[in-house]
Amino acid sequence: MNKKSVVLYPGLGVGHLTPMIELAKLFTQHGVAVTVALVEPPAKSPDFSTAVARAAASNPRVTFHVLPPPDPADSSSDGGTPSHHVDQMFSYLKAMNAPLRDLLRSLPAVDALVVDMFCRDALGVAAELNLPVYYFYASGASALAVFLNLPRMTTTGFLQAAAGDSVLSLPGAPPFRASELPELIRNGSATGETIFRMLHAIPEANGILVNTFESLEPRAVRALRDGLCVPDRSTPPVYCIGPLVSGGGGDKEEHECLRWLDMQPDQSVVFLSFGSLGRFPKKQLEEMAIGLEKSGQRFLWVVRSPANNGEDVLGQPLPEPDLEALLPEGFLERTRDRGLVLKSWAPQVDVLGHRATGAFVTHCGWNSTLEGIMAGLPLLCWPLYAEQRMNKVFIVEEMKLGVEMNGYDEGMVKAEEVETKVKWVMESQGGRALRDRMVEVKDRAVKALKEGGSSHDAFVEFLK
């Protein structure tokens, strides 16, 4: 029997590459040959090349192919460079169709193309080559249920009429405020229109793989299966195949913070980390520092440089943060016996899985949420952008795996709030109950992935 072969196309950004690599591993475990077609960011980024080098080194059975950059004429054919970084990303990915088509034609046999949600334009390439195409939706089923509902709501003018405080009740999701939708979708901009076109294309695929497991989001999974989220068209089959998260331990050289954690008591450290784009103004960093200091808890905190105004997300890497200048005077010295502040990056999966880590302050990005679940840690939710505010609602209201950090909506989480919530999660009965619940959910996640579990069976069904 010939070996099946798939091409995975993760689009732009390390946050989209990471879960796609986990999907590649899953394919190889089931005996499928995998090629990952990579798009190099328009601005050369060390983050990207490091991530690719690390992925290639630890996955020798996967072929990584960096697509050649598009013809400059293709990427600027839409009349100049779009101003918003999301539009820039879409126009760049559209220009990548030609190199992607060339790659697909050059391979001896391809049985399917699996694309990231942002790679809408690749559907045309698949159609042209007569290839089945599947979406890998790297966020959760609840967010997918909401997003599939949205294009219909714009045509009815409902979203335009929904003010920030109005409550939306959509099939598959708990009620949430309109202000918790991603800003680009709420603001009625041209970029929002582009996103709606992307969402409208999702049901055109042959199927959707979702990075979640059924028992984590039963309401959303039911609504998706029953076709309630796309009432005017048929919904393709939905396969919940997660949680796909990295096992960590990728670096041979152990990071200094893991040695520091080795010296701390079990479950005593609060880990604060906000993803690859999580940046705060100096004033917010100061409030966090004061709250952490007053809480008396041990902490490990990843700090990035504040963003300069108008800085492009696809643009240049940030400078190293100057911790002395950004944090209150003397803070590092006063807390050095119980806290460690890291510049820009930490080996997150290894930190979350360490016996000394007791709670996770997170931006509610879906990769981080699943990593927190797989580590069995309660979540303190501090959403920043994209679908993270919706994820916060699902985590707090529906899954009951975390609590909200109040104040992010007003643009400032005060020191008192940081102090109170960090103490609560580490010391109170409520915090302990949350941890116990998280450990139960982690056990269900592990079962879902094992042979006979719901995610394992869904993937086998998809391969058929």
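Helices (H or I, at least four residues) and strands (E, at least two) are DSSP runs, numbered from the N terminus. The model is predicted, so that local features need pLDDT of at least 70 and side-chain atom pairs count only at pLDDT 80 or more, while totals for chains, interfaces and linings use all residues. Residues are numbered from 1 along each chain as its sequence is written, and side-chain values use heavy atoms, with hydrogens and water left out.

Within H20, select Gly431, Leu434, Arg435, Met438, Val441, Ala445 and Ala448, which are its buried residues. Buried here means under 20% relative accessible area, exposed means over 50%, and partly exposed lies in between (1.4 Å probe, protein chains only). Looking down the axis of H20, you will find the buried residues within an arc of 130°, so they line one face of the helix; the arc is that of the directions from the helix axis to the C-beta atoms. On the face turned away from this buried side, select the exposed residues Gln429, Asp436 and Lys447.

Next, display what the buried residues of H20 pack against: strands E13 (357-362), E14 (379-381) and E15 (402-404), together with helices H17 (366-375), H19 (415-427) and H21 (454-463). Contact means heavy atoms within 4.5 Å.

**Lys421 in H19**

Move to helix H19 and select Lys421, which counts as buried at 16% relative accessibility. The side chain of Lys421 makes a polar contact with the side chain of Glu417, at 2.7 Å. A polar contact is a pair of N or O atoms within 3.5 Å; within protein, one must be able to donate a hydrogen and the other to accept it, and residues adjacent in sequence count only if both atoms are side-chain atoms. Leaving aside neighbours within four places in sequence, Lys421 is in contact with Leu380, Val403, Glu404, Met405 and Asn406.

**Two residues with positive phi**

Select Cys364 in the loop between E13 and H17, where phi is positive at about 70° although the residue is not a glycine. Cys364 is buried, with a relative accessible area of 0%. Then go to Ser344, in the loop between strand E12 (339-343) and helix H16 (348-352); Ser344 has a positive phi of about 70° and is not a glycine, and at 16% relative accessibility Ser344 counts as buried.

In helix H21, select Ser455, which counts as buried at 2% relative accessibility. Leaving aside neighbours within four places in sequence, Ser455 is in contact with Thr212, Phe213, Cys240, Ile241, Gly242, Ala448 and Leu449. Among these, Cys240 counts as buried at 2% relative accessibility, and its sulfur is 12 Å from the closest cysteine sulfur, in Cys229, too far for a bond. A disulfide is a pair of cysteine sulfur atoms within 2.5 Å, and a search of the whole structure finds zero disulfides. For another cysteine, select Cys119, which counts as buried at 2% relative accessibility.

From Gly242, continue to Pro243: a cis peptide bond joins the two, with omega about 0°. Pro243 is found in the loop between strand E9 (238-240) and helix H12 (256-262).

**Ser166**

Select Ser166 in the loop between helix H8 (158-161) and strand E6 (167-168), where it counts as partly exposed at 26% relative accessibility. Ser166 and Ala178 are twelve residues apart along the chain, and their C-alpha atoms are separated by 5.8 Å. Leaving aside neighbours within four places in sequence, Ser166 is in contact with Phe176, Arg177 and Ala178.

**The domains**

Finally, colour the protein by its domain assignment, which gives domain 1 (5-246 + 448-463) and domain 2 (256-445); such bounds come from an automatic or database domain assignment. The C-alpha centres of the two domains lie 27 Å apart, and 39 residues of domain 1 are in contact with 30 residues of domain 2.
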